[in-house]
Amino acid sequence: MTDEASGVPAGTKANPRLALLLAMAMFVLVVDTSLMNVSISSVVRDLDTTVSGVQSAIALEALVSAAFILIGSKVGDLIGRKRAYLLGLCGYAIGALAMTLAQSLTAIIVFWALVGGIGASLLLPAMQSLIHGNFEGAEQVKAYALVGAAAALAAAVGPLLGGFITTYLSWRIAFLGEVVVIAIVIAGQGLVHDVPYTGPRQVDVVGAILSVVGMGGIVLSILIWQEGGEYVGLTLAIGVIALGAFIYWLVRRKRHGKPTLLDPALFSSAAFRLGISGQTLQQIALGGTMIALPIYLQMVLEYNAMEAGLTMAPLSLSMFGTAILAEKKAAGRSPSGIIRWGFVLLTVGLVVLIPIVPRADSGWALIPPLVLAGVGLGLLVSQLNNYTLSPISQERVSEAAGVNSAAGSFGLSFGLAFAGAIMLATLSFTFTNRTEASTVLQPAQQEQVADALEHDAEVMTNTELEKQLAKQPPEIRGEIIRINTEARPIALQVALGIPILAGLAGLVNSFRMVRLKGPARHSPR
């Protein structure tokens, strides 16, 4: 028997060990991407691959998680939330283990990005349902708070932890640590009580396919463009058309009283629509920043993973501290006003980075704008979920949270992919123009550089470039090094334009939130 109000099995006593295990699982989920970002140069070197290839894998993992999270929620309904939770953990463990053993980028893409991303799409919605079904009252609030704190802590310490392990041990050891943590979490499965699902069991297959093709097509087209592939426009068009068809399908199916992948009536709330938009834009800004800056630090300043992690720490730590402080001190204040200030500070911090990038000879110069941007992100993290989910009734909050998570994951993958692609395109354009304007390089050499960039534009350290040019005459080698030195900061400045534009769009969106007089701040559910 279960308590009908909460879904918790009758006589079940909330187990703090289960809350701790769920928090450990969330910590691994969040720290995973931070680890990849600060380890880019080490992964590139060890696997003899490219920065763009690793960046594409990072974006693809976030995309797969976003594209399948709505489906993952429905799968959990059909096969049981506990089973979906365990399958998700296993998928993530397979991805982490593949990183430990990988000898090529292909293994990372197949197992870490695809299998691990699908694992995350099963795990995230299942965890929320399990918290709701295994805890009640004050214990449920504590469980949600502990899992949320684990996510925030992972975001804060991820760059430092990943940088330390990668520099002094190996990035493979870091991913092996993830496997160990997941194994501990799986070993505690006996503490988990499954949560029965009593809703409709019909599957909206068409809606599921359209959602995956829509979100996947948009981000995949950017990755194809970045790698110089064909059919970019066709892939993008398929994605846009599929998203439009997805919306039409949901509305039509709802009108006929048939089950849908998600209920379009959720979007009848203006506050929910604005909140989802804000969540997406915040994650685009975060994704663009978290791919551009680590590449800058490792490929331009030639930092190792530890140095890159330390330099990124002001952003993550200020975000973490501000989120906690805002959660405690913002009682009675309008979430929409705090969100507006969050986008202001985030955007200003990123704009200040632009003139610093070509002049900085160390990460110290980046600290003030990173702290400013981190404070803005902290304000957003503390309030956006509250604002978005407040107008949603208790019985529908799980579905709404799934949509919110999907929007955030899609924004993150879009930011990662688009900022990376723009960076490489700008690098190629700038390098070609400066090569053609060179008075040192002969026309034949200029053409050779242009042909090479057309097929393999790549962010590369001067040290690596000097090795490739070892057989060239000193004046040719020096000229290409000069061009590379000048072109990379410009490419990174343009890449930072993506998160800046997202921040500006989020700011405009926040003014609409304020005018709407959105939901007042409320206590945790």
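Leaving aside neighbours within four places in sequence, which residues is serine 409 in contact with?

Serine 409 is in contact with Ala62, Ser65 and Ala66, once its neighbours within four places in sequence are left aside. The structure described here is a predicted model. Serine 409 has its place in helix 14. Its relative accessibility is 15%. Buried means under 20% relative accessible area, so serine 409 counts as buried.

Threonine 430 is also placed in helix 14, which covers residues 397–437. The relative accessible area of threonine 430 is 9%, so this residue is buried.

## The nonpolar patch

Part of the surface is a nonpolar patch formed by Leu97, Leu101, Phe164, Tyr168, Leu169, Ile173, Leu176, Val180 and Ile184. Together these residues have about 870 Å² of accessible area.

Which helices supply the patch with at least two residues each? They are helix 4 (81–101), helix 6 (137–168) and helix 7 (171–187). Helix 7 gives the largest share, with four residues. Isoleucine 184 is in helix 7 and is one of the patch residues. Its relative accessibility is 43%, and it therefore counts as partly exposed.

## Methionine 299 in helix 10

Is methionine 299 buried or exposed? Its relative accessibility is 2%, so methionine 299 counts as buried. Methionine 299 lies in helix 10, which spans residues 270–300.

Along the chain, methionine 299 and serine 41 are 258 residues apart. In the predicted model, the C-alpha atoms of methionine 299 and serine 41 are separated by 7.4 Å.

## Helix 10 against helix 11

Two packed helices are described by the distance between their axes and by the angle between those axes. For helix 10 and helix 11 (residues 305–329), the axes come within 10 Å. They cross at roughly 145 degrees, and the crossing is right-handed.

Which residues meet where helix 10 and helix 11 are in contact? From helix 10 the residues are Thr289, Met290, Leu293, Pro294, Leu297 and Gln298. They meet Ala308, Thr311, Met312 and Leu315 in helix 11.

How values were computed. Residues numbered from 1 in each chain as written. Predicted model: local features only at pLDDT ≥ 70, side-chain atom pairs only at ≥ 80, totals over all residues. Heavy atoms only, no water. Buried < 20%, exposed > 50% of the residue type's maximum accessible area, 1.4 Å probe, protein only. Patch = residues over 30% accessible without salt bridge, like charges linked within 9 Å, V, L, I, M, F, W, Y side chains within 5 Å. Areas by Shrake-Rupley, 256 points an atom, 1.4 Å probe, with all protein chains shown as cover. Salt bridge = Lys/Arg side-chain N within 4 Å of Asp/Glu carboxyl O. Axes fitted to C-alpha atoms, helices over the stretch in contact; angles between N-to-C directions. Left-handed = near helix turned anticlockwise from the far one by under 90°. Contact = heavy atoms within 4.5 Å.
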